[in-house]
Number of protein chains: 2
Amino acid sequence: MKQYAFGIDIGGTTVKCGFFKNDGTFVEKWEIPTRKDNGGDLILPDIADAIRERLEKHGVSMYDVEGIGVGVPGPVLDDGVVNGCVNLGWGVFNVAEKLSALLGGIRVVAGNDANVAALGEQWRGGGKGFKNVVMVTLGTGVGGGIIIGGRILPGGHGAAGEIGHMQMRKNETAVCGCGKKGCLEQYASATGIVRLAKLALADTTKPSSLRSLAEVTSKDIFDAAKTGDAMALKLVDTLGEMLGSALAHITAVVDPDVIVIGGGVSKAGQILLDAIVKHYRPAAFHACRDTEFKLAVLGNDAGMYGAVRMVLNG
Amino acid sequence: MKQYAFGIDIGGTTVKCGFFKNDGTFVEKWEIPTRKDNGGDLILPDIADAIRERLEKHGVSMYDVEGIGVGVPGPVLDDGVVNGCVNLGWGVFNVAEKLSALLGGIRVVAGNDANVAALGEQWRGGGKGFKNVVMVTLGTGVGGGIIIGGRILPGGHGAAGEIGHMQMRKNETAVCGCGKKGCLEQYASATGIVRLAKLALADTTKPSSLRSLAEVTSKDIFDAAKTGDAMALKLVDTLGEMLGSALAHITAVVDPDVIVIGGGVSKAGQILLDAIVKHYRPAAFHACRDTEFKLAVLGNDAGMYGAVRMVLNG
């Protein structure tokens, strides 16, 4: 194993770059802007430049680099082919091959960003010590990643772990971004719980501390729930019901050792876990009823950790 | 690779024994009764005797046997530990180690029977040519097996693929054998569709050819549906709705290349696939919407094929 490796997490606004020792500790981390001009054609050359520059700065040769792991915000097949990234303007091409060619043929491994973050949390975060991990990321949407035996499950179409679009309610009238109605992320994301809060505030005259806010955020809802606000508690319970039911389905399929909950909404902490677990346990298959729940711990670094893990994983 | 191997499928009534060449073709297959006396203590010695006897008959030495794969009707952990088989009277022990010790230390690999059958279908049956397969077995209950990269996904508690107990209806009043209410197998198994038929016959006065039968079977229902019987068509549609929704959840989690439908109910053929696919496609995540469906082809031999594949798989 060579001495160094890179873990790169490509987001819609910035690219998070991690320069790692092969023991998984950072030499340095930094960000560059994601330039989406020209259909995203500049993104990989920008990353290649950033890597070259950083190697020069530290006096490290490319020959001492084991490889580069890259997390990408879209479906990625087993061989590194990206199946379109709407946020970056990318179509279908082999991102691993292309970045490798820009850096003299160095080994590059690519994965979907949610899957890569799950690998990071399994390796160094909330799922540390467990081989089989389901990670759920509750942010603007609901993302997921499935780690089996310490490796990402990519799926036949790069879509494994796309749990945000499990259809949880058939009688929903609001349309999800994906075009379906009743998807998990319409209830269990930051956007989803705010949507439900607006409906509750508009459709009822029930008192709530949320009424005094000009703009309600998911943090406001959890904060209000922590003070005992009845409407906020109901909203948190609905999120828990949807996510708990979905996780009962998920564990009946892949039966992980642990479930890790991450993303911005997970900053709510124990009240969130309690709401999920309350609905999960009675719905779960008995062998999976006691599966552990953990909060993610790596925050925005999870993607860099997971990305570098892909090249340090043999 | 040695020249021969055994694939053994332990059922509640009989043990199906397959003596294979290492190219996966049968030398011979036969059955022995499953003796459940003494808490199932006789089952493994009976299998060991049957294997020794068969080797002697064919003049093959134990040294020419690559190993023995065993499918077991209960949860099996990665290392061969059986986590209780109610049907056999077995508690918790390492079935692989125990059978190996009875046969001079030969390599034994054990797996859950539904998972092992899924591996058989992936290797030589309806899932042939695909690496990532979800198999659903519609029999007395609903079983499932998940094959990832040509290998069984056992799960952290030996419960991966236990899709029969996904809770599909929260307002169900009837209790499933597992103690929950609204499990997939309450609707999508042979027992489930017959249960719904009895309810429909008792609760309505709608005409149906099913009314003339003393005892309705799932085959009767599919046969009546094929002749256009409205009540039977509705029952088949409900099965399709439940299974289609569950499979949409399942593909959002593991994103297989193909879904294989097997078990006794699958003998209904195309009408069953059509009913499932009708409800699956609109509920599925877009990347998985066109995932192929196939019927299983190996019937009762799937378990033996899958079992031997576990030892021929490296």
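**Exercise 1. Decide whether Leu243(B) is buried or exposed in this predicted model.**

Step 1: Count the neighbours. Leu243(B) has 30 C-beta neighbours inside 10 Å.

Step 2: Compare with the cut-off. A residue is called buried if 20 or more other C-beta atoms lie within 10 Å of its own.

Step 3: Conclude. With its 30 neighbours, Leu243(B) therefore counts as buried.

**Exercise 2. Describe the surroundings of Leu243(B): which helix holds it, and which residues does it touch?**

Step 1: Find the helix. Leu243(B) sits in helix α8 of chain B, which covers residues 230–254.

Step 2: Look for partners. Leaving aside residues up to four places away in sequence, Leu243(B) touches Ala188(B) and Ile276(B).

Step 3: Val311(B) is 68 residues from Leu243(B) in sequence, and their C-alpha atoms are 32 Å apart in space.

**Exercise 3. Check the span of α8(B), then see how covered this helix is.**

Step 1: Work from the length. α8(B) has 25 residues, and at 1.5 Å a residue the expected span is 36 Å.

Step 2: From its first C-alpha to its last, α8(B) reaches 35 Å, close to the expected value.

Step 3: Of the 25 residues in α8(B), 20 are buried, leaving the helix mostly covered.

Step 4: Look just past the end.

**Exercise 4. Do the same for helix α4 of chain A, residues 113–124.**

Step 1: Take the twelve residues of α4(A) at 1.5 Å a residue; they should span 16 Å.

Step 2: Compare. The end C-alpha atoms of the helix are 16 Å apart, so the expectation and the model agree.

Step 3: Turn to burial. Eleven of the twelve residues of α4(A) are buried. Among them are Asp113(A), Val116(A), Leu119(A), Glu121(A) and Trp123(A).

**Exercise 5. Work out how the two domains of chain A meet, and what α4(A) gives to that contact.**

Step 1: The domain assignment gives domain 1 as 4–120 + 301–312 and domain 2 as 128–297 in chain A.

Step 2: Count the contact. In chain A, 13 residues of domain 1 are in contact with 16 residues of domain 2.

Step 3: Find the contributors. On the domain 1 side, β7 (108–112) and α4 of chain A each give two or more residues. The largest share, five residues, comes from α4(A).

Step 4: Sort by class. That side of domain 1 of chain A has eight nonpolar, four polar and one charged residues.

**Exercise 6. Find how chains A and B are related and which surface they share.**

Step 1: Superpose. A rotation of 180 degrees, with 0.0 Å of shift along its axis, brings chain A onto chain B with an RMSD of 0.0 Å. This is the relation of a two-fold axis.

Step 2: Count the contact. Chain A brings 33 residues and chain B brings 32 residues. On the chain A side, α8(A) gives the most, with seven residues.

Step 3: Sort by class. The side of chain A that touches chain B has 19 nonpolar, eleven polar and three charged residues.

Step 4: Compare the surfaces. Because 97% of the interface residues of chain A are also interface residues in chain B, the copies meet through the same surface.

**Exercise 7. Look up the confidence of the prediction for chain A and for the complex.**

Step 1: Chain A averages a pLDDT of 96, and 100% of the residues score at least 70.

Step 2: For the complex, the predictor gives an ipTM of 0.93 and a pTM of 0.94.

Terms used: Residues numbered from 1 in each chain as written. Chains lettered and ligands numbered in written order. Predicted model: local features only at pLDDT ≥ 70, side-chain atom pairs only at ≥ 80, totals over all residues. Helix = DSSP H or I, 4+ residues; strand = E, 2+ residues; numbered from the N terminus. Expected span 1.5 Å × (residues − 1). Least-squares fit on C-alpha atoms with pLDDT ≥ 70 in both. Contact = placed C-beta atoms within 7 Å. Nonpolar A, V, L, I, M, F, W, Y, C, P; charged D, E, K, R; others polar. Domains from an automatic or database assignment. pLDDT = per-residue confidence, 0-100.
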